[in-house]
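Student: I have the sequence and the model open. Please take me through the labels used for it and the grounds for each one.

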Amino acid sequence: MPPLDQPLSVLKGVPTTITAMSELVPEPRQKPVVPMKPMGINTSLLGYIGIDTIIEQMRKKTMKTGFDFNIMVVGQSGLGKSTLVNTLFKSQVSRKSSGWNREEKIPKTVEIKAIGHVIEEGGVKMKLTVIDTPGFGDQINNENCWEPIEKYINEQYEKFLKEEVNIARKKRIPDTRVHCCLYFISPTGHSLRPLDLEFMKHLSKVVNIIPVIAKADTMTLEEKTEFKQRVRKELEVNGIEFYPQKEFDEDLEDKTENDKIRQESMPFAVVGSDKEYQVNGKRVLGRKTPWGIIEVENLNHCEFALLRDFVIRTHLQDLKEVTHNIHYETYRAKRLNDNGGLPPTPATPDSATGLSLQHVAPPRWE
Amino acid sequence: MDSIIIQERLVERLLSPRTQAQRSHPGKLKDHEKQYVGFATLPNQVHRKSVKKGFDFTLMVAGESGLGKSTLVNSLFLTDLYKDRKLLNAEERINQTVEIIKHTVDIEEKGVKLKLTIVDTPGFGDAVNNTECWKPITDYIDQQFEQYFRDESGLNRKNIQDNRVHCCLYFISPFGHGLRPVDVEFMKALHEKVNIVPLIAKADCLIPSEIRKLKERIREEIDKFGIKVYQFPECDSDEDEEFKQQDRELKESAPFAVIGSNTVVEAKGQRVRGRLYPWGIVEVENQAHCDFVKLRNMLIRTHMHDLKDVTCDVHYENYRAQCIQQMTSKLTQDNRIESPIPILPLPTPDTETEKLIKMKDEELRRMQEMLQKMQQQMQDQ
């Protein structure tokens, strides 16, 4: 993992093959399972050309244009989703802080509420959209409560597809597709709940799911390890591929790194907080209980730091790539197949799937 | 009982007051001959009899799985009731229905025996679709009432087994913002059948301000939905201040925020029951950490008998009245008996025996008339 004090970097590593550039520019193409061999003959360089300055050029470009990231949070109400998102991005980006009254009643059906923010760090601008799903899993009868969520995700793919298929395409298609879905598991200490299994089974095929154990300060260390083991086993037995998916590991380096994360750290047991306290002379984010202060960024207390590094500092670009190259492509292939190989005409709603764009509310920008 | 004592004492005095030098309480009788009757020893007699007979108490625990119900029960009664429990994983639980499992344990402390029955409800609130998941529980409670009703109306009432549920501890998840729809529906279905004591489970994941807010929220919602949870009885005005203060604190802390643990950890040089975290130790019996001590005192040390009384006097009577009303309305529909309250749910007598009864009634009346006539004749003479 790169050192933690570096600014957000859009590049995962230094590319050394000629195919590196096409990897970074999004293109509708299946991601290769094995790394491509260089196009031409590998000749040795007689002097310094300056090909590696491409990295600097890309960095400047990205800093100017900025990039977008859409993260969805799913889980029963009260599991700390809004607090965690605020803690992750160190700002008040969740639904709770954006004027929606926290005390309002549990909605009768699952609603989708998207809020957009622009945050900037080290000259890099990020358009962050947090998509919240109030009402999930809160009713007495929760059958099919994942359907509105699945529909929303597919609608975003549909939107992108329509833009792509347009004759006069925009220079930069606005990307509202969900790049990452944090699923909050309730820390019962026993195992996953039937609802968790059903949700993840249905949605791991359309979006990158990162399971997270919420409110982890309710478990002791042994309970945490046991619970994580049981959850991992249950996910494996049920064939649920959470992000980072095994089949999309590109090379050995990725595989070993991701294997370690998959088999040891995930699901991350997190604690969120937006209040600061003084501990040993430092100001830290934490929770103050009568028996001690729980430090959010202390790895001995919880795994929030691991989650943050994973989602933001190392795998952010990969999340977007997998969404674009795998999930979106799967959706696109299915749509084209349904339509007899023809792309849908962008003006009218497609009769084959019945999807139309009118009822999707655009995210609120703040 | 008291009349016999009075008579005995009177007889003693009548026969030979002077030879009664060796009496059990010589001083007392001499001073308070006229006032002291002696039935103040009644509570002691009751106490002795009950201690011999032993007490029984049935406690039901309900709530989603994973809220620490079993741990709390083990902590309350310092036992390990769930040694051989097999926890199901999520896939097995998809098609699970709510079961009712009873564990019985006999506990003895200082010569007092308690037969404790814990009624567990695994599977409650776990499925994806939890519609009417409380129905097996209400059915169970009604069954126990019906059983007791039959036993009470039966011929041999010496050894009635009281399996009625005296108290239901309902575990509310600390991860929500108050009551969930399942919680509300469950409590509304059961508040008139059993004493509900709501608890906030796993309270060690909440900081004190969050606990306060959650308790307020829950109290508001309980009022809003009209749920009748178990109310602590008012203490009499002649109790001492300390007791009244304790009672007030108890009422203000409802619903109790509890933590359970049966593992002993080392804290500040002492061995206490608690949970060991990297950031500190939560002590189960520390009143500043959670309300476990309040719950234990309420449930076992002060209000156990009141819970049983309310079950017998209120919930059971409601059931009984309902039951009888149903039977009556059914019977008046069939037009068989005119009197309003049948004592037993016996099958109504057939026409043969009815005729016999009528004949006998007639005979009796005739004999009474003859007797009256004879008496009058004797008076006239």
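Tutor: Start with helix H4 of chain B, residues 69-77, where 8 of the 9 residues are buried. Keep in mind throughout that this is a predicted model.

Student: What makes helix H4 of chain B largely enclosed by the rest of the structure?

Tutor: The count decides it: 8 of its 9 residues are buried, so H4(B) is largely enclosed. The buried ones are B:Lys69, B:Ser70, B:Leu72, B:Val73, B:Asn74, B:Ser75, B:Leu76 and B:Phe77. Just after the helix, B:Leu78 takes a positive phi of about 50°.

Student: Why is B:Ile141 called buried?

Tutor: Buried means under 20% relative accessible area. B:Ile141 has 1%, so the label applies. This residue is found in helix H6 of chain B.

Student: Which residues does B:Ile141 contact, apart from its neighbours within four places in sequence?

Tutor: The contacts of B:Ile141 are B:Met60, B:Val165, B:Leu190, B:Lys193 and B:Val194. For B:Val165, 24 residues away along the chain, the C-alpha atoms are separated by 6.6 Å.

Student: How do you know that H6(B) is roughly perpendicular to H11(B)?

Tutor: The axes of H6 (residues 135-153) and H11 (residues 304-334), both of chain B, come within 10 Å and cross at roughly 80°. Angles of 65 to 115 degrees count as roughly perpendicular, and therefore H6(B) is given that description relative to H11(B). From H6(B), the contact uses B:Asp142, B:Phe145, B:Glu146, B:Tyr148, B:Phe149 and B:Glu152. H11(B) contributes B:Thr311, B:His315, B:Tyr316, B:Tyr319, B:Arg320, B:Cys323, B:Ile324 and B:Met327. Sorted by class, the contact has 8 nonpolar, 2 polar and 4 charged residues.

Student: Is B:Asp291 buried or exposed, and how do you know?

Tutor: B:Asp291 has a relative accessible area of 8%. The cut-off for buried is under 20%, so B:Asp291 is buried. It lies in the loop between strand E9 (280-283) and helix H10 (292-302) of chain B. Beyond four places in sequence, B:Asp291 is in contact with B:Lys215, B:Ser253, B:Pro255, B:Phe256, B:Ala257 and B:Val258.

Student: And what makes B:Lys110 exposed?

Tutor: Exposed means over 50% relative accessible area. B:Lys110 has 85%, so it is exposed. Its place is in the loop between strand E2 (101-109) and strand E3 (112-120) of chain B.

Student: Why does A:Asn280 count as exposed?

Tutor: The relative accessibility of A:Asn280 is 78%. Exposed requires over 50%, and so A:Asn280 counts as exposed. It sits in the loop between strand E7 (276-279) and strand E8 (282-289) of chain A. A:Asn280 also has a positive phi of about 50° although it is not a glycine.

Student: Where are the cis peptide bonds that involve A:Pro244 and A:Pro267?

Tutor: One joins A:Tyr243 and A:Pro244, with omega about -5°. A:Pro244 lies in the loop between helix H6 (221-237) and helix H7 (252-265) of chain A. The other runs from A:Met266 to A:Pro267, with omega near -10°. A:Pro267 is in the loop between H7 and strand E6 (268-269) of chain A.

Student: Which residues touch the most other members of the largest nonpolar core?

Tutor: That core has 157 residues, and the ones touching the most other members are A:Phe69, A:Phe89, A:Leu182, A:Phe199, A:Ile210, B:Leu169 and B:Phe186. Not counting residues up to four places away, B:Phe186 touches B:Ala62, B:Phe124, B:Trp134, B:Ile137, B:Cys168 and B:Tyr170.

Student: What is the composition of chain B in helices and strands, and what share of its residues is buried?

Tutor: Chain B has 12 helices and 9 strands. Of its 381 residues, 39% are buried. Among contacts in chain B with a separation of 6 or more, 66% are between residues 24 or more positions apart.

Student: What confidence does the predictor give?

Tutor: The mean pLDDT of chain B is 80, and 82% of its residues reach 70 or more. Over residues 16-29 of chain B, pLDDT stays under 50, and the model has 7 contacts beyond four places in sequence for that stretch. For the complex, the predictor gives an ipTM of 0.72 and a pTM of 0.75.

Technical notes:
Residues are numbered from 1 along each chain as its sequence is written. Chains are lettered from A and ligands numbered from 1 in the order in which they are written. This is a predicted model: local features need pLDDT of at least 70, side-chain atom pairs count only at pLDDT 80 or more; totals for chains, interfaces and linings use all residues. Side-chain values use heavy atoms; hydrogens and water are left out. A nonpolar core is a set of buried Ala, Val, Leu, Ile, Met, Phe, Trp, Tyr and Cys residues joined through side-chain atoms within 4.5 Å. Buried means under 20% relative accessible area, exposed over 50%, partly exposed in between (1.4 Å probe, protein chains only). Contact means heavy atoms within 4.5 Å. pLDDT is the predictor's confidence in each residue, from 0 to 100. Axes are lines fitted to C-alpha atoms, for helices over the stretch in contact, and angles run from 0 to 180 degrees between N-to-C directions. Helices (H or I, at least four residues) and strands (E, at least two) are DSSP runs, numbered from the N terminus. Angles under 35 degrees count as roughly parallel, over 145 as roughly antiparallel, 65 to 115 as roughly perpendicular and the rest as oblique. Ala, Val, Leu, Ile, Met, Phe, Trp, Tyr, Cys and Pro count as nonpolar, Asp, Glu, Lys and Arg as charged, and the others, Gly among them, as polar.
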